[in-house]
Amino acid sequence: MCIRDRYHSIANIPGNSLCLPPEQFEHQMELLHKEGYYTLTPGEAYRVLTRQEVPVGKENKIVFITFDDGYKNNYSSAYPILKKFSLHATIGMITDKINTPDMLSTNELKKLRKEKLVSIVSHTVSHTELNTLNTEQQLVEMANSRGLLNRSLKQNTILLIYPVGRYTPASPFIAQRAGYKFALTTKPGLANASQGLYELHRQRVIPNMSDESFNQLLSGN
């Protein structure tokens, strides 16, 4: 399963590898749409990983689109494009950043949830790299973020995205204890259950990728 990482900010800021211009994002989404890719929700991704429940006819054409951090332009720029092509995406939200400048607001998160094309999951409370924290500190980051999302969005948050992809050997067990069913790293490659449900790989998208390079990400090359 292809989980595509490093969609962060959808904005035209030359020289910033975390910012993908909206026209490039739209082109990539159009490619997915034309090629008939099925875009998964977190619940569907979990079922693919644990039960091999792949949508009929989409065995080699499933993708899990992820955004990290929760920038406001995920709502203003990315969402209209997702809606245009009827594609689903998942945003890992830093919960301490909700309602702060340039980041998603509570109202925007609720609107995205209501439209059902975007899922909101945890990117921890403060985005502190987990390999700098002890066990209890990690648990607070994971559990408090999940609790806030569950309460404010009236949902069961099952997915954690590790900040900067970094974690400790204990992090998968802590994530499970905090109530998550699976978690994403930034290790490159296609995700599969053999990696462990709390150490899943993702592919990175960078600005100015050619169609060939983009298709190579989808195939795991």
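How do E4 and E5 pair, and over how many bridges? They pair in the parallel sense, over five bridges. Two strands pair if DSSP finds at least two bridges between them.

**Ground rules.** This is a predicted model: local features need pLDDT of at least 70, side-chain atom pairs count only at pLDDT 80 or more, and totals for chains, interfaces and linings use all residues. Residues are numbered from 1 along each chain as its sequence is written, and side-chain values use heavy atoms, with hydrogens and water left out.

1. Helices (H or I, at least four residues) and strands (E, at least two) are DSSP runs, numbered from the N terminus. Five of the five residues of E5 are buried, so the rest of the structure largely encloses this strand. Buried means under 20% relative accessible area, exposed over 50%, and partly exposed in between (1.4 Å probe, protein chains only). Ser122 in E5 is the bridge partner of Met93. The chain gets from E4 to E5 through H4, in a right-handed β-α-β crossover. Right-handed means that, with the strands pointing away from the viewer, the path from the first strand over the helix to the second runs clockwise.

2. **Strand E3.** Look at residues 62-69. Eight of the eight residues of E3 are buried, so this strand too is largely enclosed by the rest of the structure. E3 pairs with E4 in the parallel sense over five bridges. Here Asp68 stands opposite Gly92 in E4. E3 also pairs with strand E2 (residues 38-39), again in the parallel sense, over two bridges. Tyr38 stands opposite Ile62 in E3. With helix H3 (residues 73-85) and E4, E3 makes a right-handed β-α-β unit.

3. **The cores.** A nonpolar core is a set of buried Ala, Val, Leu, Ile, Met, Phe, Trp, Tyr and Cys residues joined through side-chain atoms within 4.5 Å. The largest one has 33 residues, and those with the most contacts inside it include Tyr7, Phe25, Ile65, Phe67 and Ile120. Elements that each supply at least two residues of this core include helix H1 (22-34), E3, E5 and helix H7 (211-219). H3 gives the largest share, five residues. A second, separate core has 15 residues, among them Ala45, Leu49, Ile62 and Leu184.

4. **Phe67.** Not counting residues up to four places away in sequence, Phe67 touches Tyr7, Phe25, Ala78, Ile91 and Ile161, among others. Contact means heavy atoms within 4.5 Å.

5. **Helix H5.** This helix has 19 residues. H5 reaches 27 Å from its first C-alpha to its last, close to the 27 Å expected at 1.5 Å a residue. The expected span is 1.5 Å times one less than the number of residues. Asn134 caps the N-terminal end: a side-chain oxygen lies 3.2 Å from the backbone nitrogen of Glu136. Just after H5, Lys154 takes a positive phi of about 50 degrees. Buried residues of H5 include Leu139, Met142, Arg146, Leu149 and Asn150. Their cover includes strand E4 (89-93), helix H4 (106-115) and strand E5 (118-122).

6. **Thr157.** Where does Thr157 sit? It lies in the loop between helix H5 (135-153) and strand E6 (159-161). Thr157 is buried, with a relative accessible area of 1%. Its side chain makes a polar contact of 2.9 Å with the side chain of Gln155. A polar contact is a pair of N or O atoms within 3.5 Å; within protein, one must be able to donate a hydrogen and the other to accept it, and residues adjacent in sequence count only if both atoms are side-chain atoms. Beyond four places in sequence, Thr157 touches residues including Ile120, Ser122, Arg146, Leu149 and Tyr180.
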